[in-house]
Amino acid sequence: MWTTALVFFQSVLLCGYAWAHVTSTRLQLRRHVVAQVALIVIALVVLLPTPLAVPSFARPPETAPTALWLILVLTTIVGLPFFALSSASPTTQRWFAALPGGVQPYRLFAASNLGSLIGLVAYPTLVEPNMDLPDQARWWSIGFALFVVLAAASGVVVARKGRPLDVVHETDEVRPTSRPRISWIVLAGIPAALLLGVTTDMSTDIAAVPLLWVGPLVVYLATLILAYARATPIAPRAAALALIPLAIAVALRRLGVITPPIGVSIALLLATLGAAGLALHGRLAADRPSPRHLTGYTLLVALGGTLGGIAAGIVAPVAFPVPLEGLLTLAAAVVLATPRDWRRVLTVPAAAALGLAVVVTVVGPPGTIRVDRSFYGVYRVAAPTPELHVLYSGTTIHGRETFLGSYAGEPLSYYHRAGPLGDVFASLQQEHPTMRVGAVGLGAGAIAAYGRPGDSYAFFEIDPTVVSIARDPASFTFLADSAASIGISVEDGRLGLESTPDGAFDLLVLDAFSSDAVPVHLLTVESMATAMRTVAPGGVIAVHISNRFLDLEPIVAAAAHANGFVSILGSDFPAAELTDLADPSQWVIVGRRYSDLADLVTGDRWRTAHADGRRPWTDRYSDLIGAIRD
């Protein structure tokens, strides 16, 4: 989803740069000023009545491709304001270039990327923890209005004092030919594609650390800033040479020859992206034309970034069943960054290692049964032993099933009978001869193994690929072998619950995590109220909060308390006999009153869940940084 959003913003950025180029080259300077000011004023007029409002069709239709639906929603919400903002960078550079004695216009390109970097870091650390969404939208609109005022004031100055570029910048430079133009597109496109490739590799092959995508984007923006901050780019040749051993190290890690810790692996990929960005963006900046051709140059740079984003973010997930775009783009970066002299021979070991890594990635680790890739992630079913199948989402285990011995067909992993969820089922099954169970998130379908004749289980799963895996008897048999009646709705869990009748379930299980990523919209006060509405009197909600990086206990407890509900926490560390079959887990059980939880509270593993004074998340407020474990 993040890659699709990034491709959207890159595409709108390209449109904004195209507007700047066409209007600046086809209109006289004063008319250009009028056209630009008119654009941003229109954007402001459209924005102010409903600042960043979510459209009524934000609920995804069942038949629409998710990526196209997301792009349509983003276009409706921020399309015009961001288009106007996108046009400002090349337009402002063009205006400054028209002023006698003005600053070097290309430095403004570095300044605009510095602003992006500041905003990127400030949002999760300062804005999100301290403002709810309406306040954010309000202040963003105020900031946009201030931008309109400053842009209009700059336009007035330029209209009065500006002169044609051929007068201000006298040069014998001829119009750039096709060769440098193609070079600009490629040099901008490879780092943009590598940005997405590195982000995908980090989240699927290393760890789904919260906000992990911020790191690669910070590095990418920093390389652009360093490339354009001075007349001479900073260290592009040194970066190109450093890229070679870094690329070899990336390939060796993918091959399993080296197995660095998570932190070192992340640092390695970020350093590789930084070296590639410095080398290629440095060449791109060194080849920039005179200010007379500024908007055409920035347009082609934006075109390269958009094409790279589309290739890695849209085409690659469809074309490659496993993430290969990072390795392939890195190989291209190594070759392009190295000078065309004797040093080019140094790229041979790196290219060979990366090529071998591509082959090994396609083949997959030993014991791989199937690999699937969808809009929501990468899934792998592996058989570490012939009788044991394991489902991975990225690097996180999402289900196990064994086919031999006393545990054959039994729920395992986080769902085994000796764990907290097993306690919940045992308690409720004593009270209910037949049970109605709802589950948000399907995984391998392990919960269905608790089903008895007469029971009904309703699963809500947003990803049809996960449904395909769970229904594949060559992968898992929980659904096929369950004694209960099984129903699966392919839709977002919260939206599915909103259309579910009151009191439909005796037990509702919330387990809709993708790798270690958190579905924020399922942990809010409003979502908790919706979920409890679907639970019959005396029933409970079981929320799976096992997570390597986030402490979700206070988030769930605070949402429950805000609704007047009660909650308890159950923790589990499997016995030695289950070491290879079960995983440590934490579950928060939410009920309307403590009497609904009485049978569980008596167990040693259970205690009251603590909110620790945490502000509850709502549909208007969340704080992911505050939930990160110490």
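Start by selecting Met131, which counts as partly exposed because its relative accessibility is 26% (buried means under 20% relative accessible area, exposed over 50%, partly exposed in between, with a 1.4 Å probe and protein chains only). You will find Met131 in the loop between helix H4 (105–130) and helix H5 (133–161); helices (H or I, at least four residues) and strands (E, at least two) are DSSP runs, numbered from the N terminus. This is a predicted model, in which local features need pLDDT of at least 70 and side-chain atom pairs count only at pLDDT 80 or more, while totals for chains, interfaces and linings use all residues. Residues are numbered from 1 along each chain as its sequence is written, and side-chain values use heavy atoms, with hydrogens and water left out.

Setting aside neighbours within four places in sequence, Met131 is in contact with Gln136, Trp139 and Tyr621, where contact means heavy atoms within 4.5 Å.

Stay with Tyr621 and bring up Arg615, which lies over the face of Tyr621 at 3.6 Å from the ring centre. A charge sits over a ring if NZ of Lys or CZ of Arg is within 6 Å of the ring centre and within 35 degrees of the ring normal. Arg380 does likewise over the face of Tyr392, at 4.7 Å from the ring centre.

Next, the ring pairs. Rings of Phe, Tyr and Trp (its six-membered ring) pair if their centres lie within 6.5 Å; planes under 30 degrees apart count as stacked, over 60 as edge-to-face and the rest as tilted. By this rule there are eleven aromatic pairs. One of them joins Phe8 and Phe9, edge-to-face, with 5.0 Å centre to centre and 75° between the planes. Phe8 counts as buried at 4% relative accessibility, whereas Phe9 counts as partly exposed at 29%. Then select Trp19 and Phe83, an edge-to-face pair with 6.2 Å centre to centre and 70° between the planes. Trp19 lies in helix H1 (residues 2–26) and Phe83 in helix H3 (residues 66–97), so this pair ties together parts that are 64 residues apart in sequence. Finish here with Phe8, Phe9 and Phe82, which ring pairs link into a cluster.

Leaving aside its neighbours within four places in sequence, Val334 is in contact with Leu243, Ile244, Ala247, Thr347 and Ala350.

Move on to helix H15 (residues 464–471), whose buried residues are Thr465, Val466, Val467, Ile469 and Ala470. They pack against several elements, including strand E1 (368–374), strand E6 (456–461) and helix H16 (478–481).

Last stop: two backbone angles. Most residues other than glycine have a negative phi. Ala235, however, has a positive phi near 55° and is found in the loop between helix H8 (214–228) and helix H9 (236–255). Asp612 also has a positive phi, of about 55°, and lies in the segment after strand E12 (606–608). Asp612 is exposed, with a relative accessible area of 58%.
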